[in-house]
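This report looks at ring pairs, helix packing and a few individual residues. Please keep the sequence and the structure open while reading.

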Amino acid sequence: MRSWYYKSQKKWQKSFINSVFEKKSYRCSSFSKIILDQPELLDTKKSYYPRSLFKFFAPTSENIIDLKKQRLWFSHPTSFNDPFDCHTGYDSTSYEKHLLIEHIQSSGFDKSKNSRDRFTEDDLNRIFRSDTDYDSNWYRNNEMFWEALNEISKTKNKEFQDLIYKLNRKFKEDVENKIKKLREVNIRVACFSDLKSKNFPPRVNDFESMIQMWSHYADNHKGFCVEYDLSSLNPEILLPLKYRYSSKDKEAFESEMTKLLLSAGLLPIIYTSSRVNVPKTKLKAIRVDNEGNLKINSDVDSLLYKTYIVKSAKWNYEREWRIILDGDICSYFDNKISFPYAKKIYLGCKMSTENIDILVEIAEELETEVVIMEMNNKKFYLEPESIDSYKWNKKSKKWNSPLY
């Protein structure tokens, strides 16, 4: 059942991303602009929408303040703990081989077999036949590209050897610069876990057994977790509404537009053993202008967004969903988006008394339920306990004053 879910999940969300960027135009060139121009695109994802999601927090003053002010921080992927996360894969060797073949064909080659100052037709054919994939070469037993090029270089004079070296260095710098620019694209992300939803096959005590999530993302159980009710962001509720700009109520209009973008950007992670790689033809199509800005088409845009929803299968226990937003939207709100959807607050089993008191007070202000996680005495899972027992114990301590 689990494998069936992942297959269906992969199908719908990649299709959704493709459908958005197929509508890209000069006027609506970003994900956000396309959605705001054609919100009906969200209609295809309404049946997949989760009722609630969980987010774990370290007990920093900034996180506590953000909870109190009902806002959510969106991070740039460079801050993530997994170095592969949101990083587009690529085959540098295949790209360099592709560019070298193009260079030989465009500059012309010598049809003789022993030219020392040009590539010959035999050289070109040898490069064509060479392999760039070490993993798949074992059963083909082809000559590797760099081995072939090195052997060809030995037959050339010093000047031409230098030219080959400079060409290869140029091609390598080109691909590395493009990938670097892709990884620096200003797209920001907020991460959640789907721990009580019908979207995943049921497991016993899903939330209560997620002790590693508390360890990784809530400062070794000293932090807290918030369950967000996202039903109001479901496209089924948003799409029937008609949003019109009014200078008299700019704030309300911006709030509704932000809801549309949050709804559009919310997607579940695909867990797989394969990275999203940029094909050499698409990599070649990317241009970097004199100011260092990327010039990319809708195919690369789509591929980049898919990179943001793919992670190694090693992380599948997190059952992650993400909201992905364009950087200009996040920058407008100083990377903290209004997020008044807190439904329940869970306090870590090692949280300090001071932080418990602060978060209980915040929960009362927000009219949000709050519980404390306690370690089960027999099994490896946590149990939510009512905050009333904590209040009672704290109050009862005052009855036994050491001053009397």
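Where does Cys86 lie? Cys86 is found in the loop between E2 and strand E3 (89–90), helices (H or I, at least four residues) and strands (E, at least two) being DSSP runs numbered from the N terminus. The model is a predicted one, in which local features need pLDDT of at least 70 and side-chain atom pairs count only at pLDDT 80 or more, while totals for chains, interfaces and linings use all residues. Residues are numbered from 1 along each chain as its sequence is written, and side-chain values use heavy atoms, with hydrogens and water left out.

Most residues other than glycine have a negative phi, and most peptide bonds are trans. Cys86, a residue other than glycine, has a positive phi near 65°, and with a relative accessibility of 3% Cys86 counts as buried; here buried means under 20% relative accessible area, exposed over 50%, and partly exposed in between (1.4 Å probe, protein chains only). Gln70, which is not a glycine either, has a positive phi of about 55°. The loop that holds Gln70 runs between helix H3 (61–68) and strand E2 (71–73), and at 34% relative accessibility Gln70 counts as partly exposed.

**The chain as a whole**

The protein chain has 16 helices and 16 strands, and of its 404 residues 47% count as buried. Among contacts (heavy atoms within 4.5 Å) with a separation of 6 or more, 76% are accounted for by residues 24 or more positions apart.

**Aromatic rings**

A pair of aromatic rings is described by the distance of the centres and the angle of the planes. In this structure 15 aromatic pairs are found, where rings of Phe, Tyr and Trp (its six-membered ring) pair if their centres lie within 6.5 Å, and planes under 30 degrees apart count as stacked, over 60 as edge-to-face and the rest as tilted. Phe16 and Phe31 have ring centres 6.5 Å apart and planes at 75°, so this pair is edge-to-face. Because Phe16 lies in helix H1 (residues 2–21) and Phe31 in helix H2 (residues 31–37), the pair ties together parts that are 15 residues apart in sequence. Phe16 is buried, at a relative accessible area of 2%, and Phe31 is buried at 3%.

The rings of Phe57 and Phe224 have their centres 5.1 Å apart and their planes at 15°, so that pair is stacked. Phe57 belongs to strand E1 (residues 52–57) and Phe224 to strand E5 (residues 224–229), so the pair ties together parts that are 167 residues apart in sequence. Phe57 counts as buried at 10% relative accessibility, and Phe224 counts as buried at 0%.

Ring pairs also link Phe16, Phe21, Phe31 and Tyr305 into a cluster. The charged end of Lys55 sits over the ring of Phe57, 5.7 Å from its centre, which requires NZ of Lys or CZ of Arg to be within 6 Å of the ring centre and within 35 degrees of the ring normal. Lys55 also lies over the face of Phe192, at 5.6 Å from the ring centre.

**Helix packing**

Two packed helices are described by the angle between their axes and the distance between the axes. The axes are lines fitted to C-alpha atoms, for helices over the stretch in contact, and angles run from 0 to 180 degrees between N-to-C directions.

| Helix pair | Angle | Axis distance |
|---|---|---|
| H7 (residues 145–154) and H8 (residues 158–183) | about 155° | 9 Å |
| H4 (residues 92–107) and H5 (residues 121–129) | about 160° | 11 Å |

H7 is roughly antiparallel to H8, since angles under 35 degrees count as roughly parallel, over 145 as roughly antiparallel, 65 to 115 as roughly perpendicular and the rest as oblique. In H7, Trp146, Leu149, Ser153 and Lys154 meet Gln161, Ile164 and Asn168 in H8. H4 and H5 are likewise roughly antiparallel to each other, and there Lys97, Leu100, Ile101, Ile104 and Gln105 in H4 meet Leu124, Ile127 and Phe128 in H5.

**Two buried residues**

Val175 is placed in helix H8 and is buried, with a relative accessible area of 0%. Not counting residues up to four places away in sequence, Val175 touches Tyr90, Ser92, Tyr95, Glu96 and Leu283. Lys344, in strand E14 (residues 342–347), counts as buried at 17% relative accessibility.
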